Structure formats: structure tokens, C-alpha cells
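Here's a quick tour of a protein and some of its charged pairs. Have a look at the structure first, and then we'll go through it.

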Amino acid sequence: MPTVSVKWQKETFPGVEIDTTQSPYVFKCQLYDLTGVPPERQKIMVKGGLLKDDADWSTLGVKEGQKLMMMGTADEIVKAPEKGPVFMEDLPEEEQVVAVGDTAFLLLSLTSLGLDSGSLLDIQGHTAGLFNLGNTCYMNSTVQCLHSVPELKSALIKFSPRNASLIRYPHSGRSNDLDQSSHLLTVATRDLFTELDKNVKAVAPMQFWMVFLFNCLFFYFIIFAYHLINPQSLEKNTVLRKKYPQFGQLHNGTFMQQDAEECWTQLLYTLSLSLRSPSSSENSDTVKALFGIELVSRVHCQESGEESSEMESVYALKCHISHEVNHLHEGLKHGLKSELEKASPSLGRSAVYLKDSHINGLPRYLTIQFVRFFWKRESNQKAKILRKVDYPVELDVYDLCSDDLRKKLEAPRKILRDEEGKKLGLKTNEKSTNSVDKDVKMNDAEGSSNGSGESSSATSQEGVVPDKEMHLTGIYDLVAVLTHKGRSADSGHYVAWVKQESGKWIQYDDDSPIPQREEDITKLSGGGDWHMAYMCMYKARLVPM
């Protein structure tokens, strides 16, 4: 591996090793650790111009001892706000009257103009918050993140018990496998999403949290009032806790804090059972098309020489955190490599196998989990890794994909680069673009696809030419971050940070939506006791072809 020196501003960093087997992006992550300049801001001068993330080291002619010049601005040190949020109930009585009066006056003004509360949503710019019903911030933040996916809301609106009863699953010869609790949770999710869209004031997620045998409006308000007096009486009647008992654990008479990632994954799993078309086709799984990630893995035993391949589908990629990981991209690469011990047929005993995975199918919404919690034997509880791990607003997962998927992504990526070049006033090669279109037509003729990186007509966006389909590019934009504040998974506080359709970011701290700047979102990367990213959701950047 060649060793170079890097000059940045007035500093020079000697003896920086370049691993030529890795992409230049990994080298930029090394420099980020030294300088604090994020990879996306780094401009490194090499032979032929600026160093690109996916360049081939062998063509750059980097020599031993060469001096490289880097430009870029380092991140600011994140500081906790001097003053925390103030809740209305904590205000003096006279200030509470003013706050309530302002909202009432605005609603009265809209009514006099013949408008409803939905118009207030347009003015306010975001949907409602969710009341905390007692350590339910993990649930509230999960709901707010998933609520930002319009395709999921559309599928929930179309959900009906009649369609659910016709579902047939590949692992069962029986129809009507959808159990009652799954059905109730799906209906409750649909209704809660609708409530969030209709209201600007905070919503109590009672329908999601609780379903009794009789779901009449009168009974709903009676139970809500009874809950305020005796919340423990609802333990056996909650939808989420009925489907997943671990969410019903009590401590000193109140529900315990839970892991938001478990809530996220299990909610998606339940919805995937419900939101299927009456067909055995894999493509009929709406949740899988939106969030499912297909992985192909090579499992190899160095001791015996055995080798096999595996396919699996997951709802999130894992960002493993160690002392070597400073950036999301590094953590994802660590997460796709693992060791496992299993029985070896040739050796007749257990052996260690190396598992190397690649993405073989991409979703519309890519979910990332930062593996921050681990089991600490000394204290017999989950501990938290506080290490700072930066994540970008724009995520490119091309180098994490299999060779087959990379080939499918090449044409859409070329079109995307040309479109971005046009915006910057650069000339594009029309001949090359035409040849790309022909290649795409040939690929489409050979076989259509779902969310695996090729085309998807079922999820096309509005305003797109009808005779063109939307294709994935492997490039994603950050649309939601779920953070955790505290040092234990069983305590602390979860908050959702969600990008609105207007492009503005809103921090959903239970029932308190607070506008935020985009530049502050990427500062939730950890390194202290402040909020740090635990789940990130990225939306695919598509191109019509």
C-alpha cells in the first residue's frame, strides 16, 4: 500500500496509507478522521483532476511519498442547546392563555373563511405530533418516520378485511392466515396515519395503542377518560402489546421504555402480512417493495474449503460501530461481513465460516440501523456505544451492490449524471444517452423487475412521462432520522426528525413538532449525551427511462 502525505490548509499529514483494494471513498473517510472534513466536502487533487469516490486507483498513478492537496471545510463541534424546549404545561398561567388563545383565534379565522383544519396544516407546514402515553416515545418516533412514506399510506388506505381474507402465504396451504391481532394493528396504523394527516394539534395514539371488542366512538372516549385515571387497566387491551408481549413489560406500575428498532421491524413485518395482494406472487408484497433489501452472500470455510451462497431479505442494513468506524459507509461494509460457527459436513464438527454479503436488490426506501446497543454481561443489561459516526444527506450504495445489480444500475446512473450535468450547464453526450436508452429497452424486453434496481411502474411518481418507467440509481436522499438520547436502551428518549414534502425538516419530540435546519440534521451523529442517530431512512433517487 502506498504511503502519501496530505496537505490541508496549514497542516500536513504525513504517512497516510492508501488501501488500493478499497475505493477512494474509504481513503476520504480516513482523511475525515484526521481533519474533520466530511467526505462529501473533500476536494483532493490527483492526476486528471479531482479524486472521485468510485475512481480506480490503478489509473491515477499515485506514487509512494507523493504529496496530495486537499480542500474542504471541517464540521463544527456539536453543542447541546443552551435552552431546552419549554412545554405548555410548564408555562405560567398567563402565557398558557396567550398560547391557547392564538391557536383558537387562527382556527376561528379559518372557519369564518369557510376553511377546515387541513388548511391550517398547509399554513403550519407539518402534521401533528403524538402524545406520550407513558414511555411510548419509541412508538411515537417510529410512527412519525413511517408516516412520512406516502406509498405506505396509500397502501394502508386501500387495505380492506375482504382482501386480507383472500391472502395465501407461500409457507402455508391455507388461506385466511392473517390473524386477528395483525388485522387490528394494520387497521389501527391506517387510522392513526389518517388522524395525523387531518390534525395539527397533537394526537393521542389511542386507536393504535388500544383496541377493545367494541370500537364505537362513545366507548372510545369513555375508555380514554378511564385511562387517565387508571392506565394500568389497559395492559391486556393494547394492539401493539397484544401482538408483541415484550412491549407490555411493566416497572413500578408503568410501561418500560423499549427499543425503537424492534418496534419498527415488527410493525413492518405485520404490515407486510396484511398489505399483500390476493396472490402468491412475490411482487405483490407492498412492504417488501418499499423497504425490503435483497442480500446475496458467499459463505466460505477456510479450513475445509467449503463454499456456498445464500439469499435473504431484510428490512434494514446494519451499521456496525467499532473504533475503526467513523463514517456510515465504513460501518455498512463492516455490517456486510461476519463470522459464524456451524457444523461442517466435510470436517464432521463445528467450524468457522466467513460470510461476505452484497446488496442484490434495492428498495424505494433504504433503512439503516446504527448498532449502538450491546449486551453488557457485567451489569446484565443493554449498554450503548456513544462513538460519533457521521452519515451523509446523500448516500450512494453502488459499491455495496453485487456485480449483477451494478450492471443494472449503470444505465440509470449515467442518465442521472447527465441530468445533473445539464443543471450545472455542462454538455452531455447525446449519442451515449441514446445508446443507454437502447440498452434499457433490450433489458426490459428480456425481463421486467420490481424494486431490485431496474424498473418499477407500480411506484412511479407524478409528473413523469407515462411511457417511461422509474429506475433506481443506487443513490438515496435522507428523509428521516430516529435518534436516541441516553446511555441505555431501557431508558432515555427517542425522537423523530422527518423531512416534509416542502423540503423542511421537523423534529417530532412526541407532541411537540419543532422546525429544524437541514445542516443540523447531520450533526446528530453521536459522540456525547445529546441525541444521536439510531435509525436513518433514505429515499431512492429515481430517473425515468
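Asp356 is partly exposed in this predicted model, with a relative accessible area of 24%. Its side chain meets that of Lys337 in a salt bridge, 3.1 Å from N to O. Lys337 sits in strand S11 (residues 337-344) and Asp356 in strand S12, so the pair ties together parts that are 19 residues apart in sequence. Lys337 itself is exposed, at 53% relative accessible area.

| Salt bridge | N to O distance |
|---|---|
| Lys337 and Asp356 | 3.1 Å |
| Arg349 and Glu303 | 2.3 Å |
| Glu261 and Lys318 | 3.8 Å |

Take Glu261 and Lys318, whose side chains form a salt bridge. Glu261 belongs to helix H11 (residues 260-274) and Lys318 to strand S10 (residues 317-320), so this link joins parts 57 residues apart in sequence. Glu261 counts as buried at 13% relative accessibility, while Lys318 is partly exposed at 33%.

Then there's the salt bridge between Arg349 and Glu303. Arg349 is in strand S12 (residues 349-361) and Glu303 in the loop between strand S8 (293-300) and strand S9 (307-314), so parts 46 residues apart in sequence are tied together. Arg349 is partly exposed, at 40% relative accessibility.

Now for the whole protein. It has 16 helices and 22 strands, and 43% of its 545 residues are buried.

Key. Residues are numbered from 1 along each chain as its sequence is written. This is a predicted model: local features need pLDDT of at least 70, side-chain atom pairs count only at pLDDT 80 or more; totals for chains, interfaces and linings use all residues. Side-chain values use heavy atoms; hydrogens and water are left out. Helices (H or I, at least four residues) and strands (E, at least two) are DSSP runs, numbered from the N terminus. Buried means under 20% relative accessible area, exposed over 50%, partly exposed in between (1.4 Å probe, protein chains only). A salt bridge is a side-chain nitrogen of Lys or Arg within 4 Å of a carboxyl oxygen of Asp or Glu.
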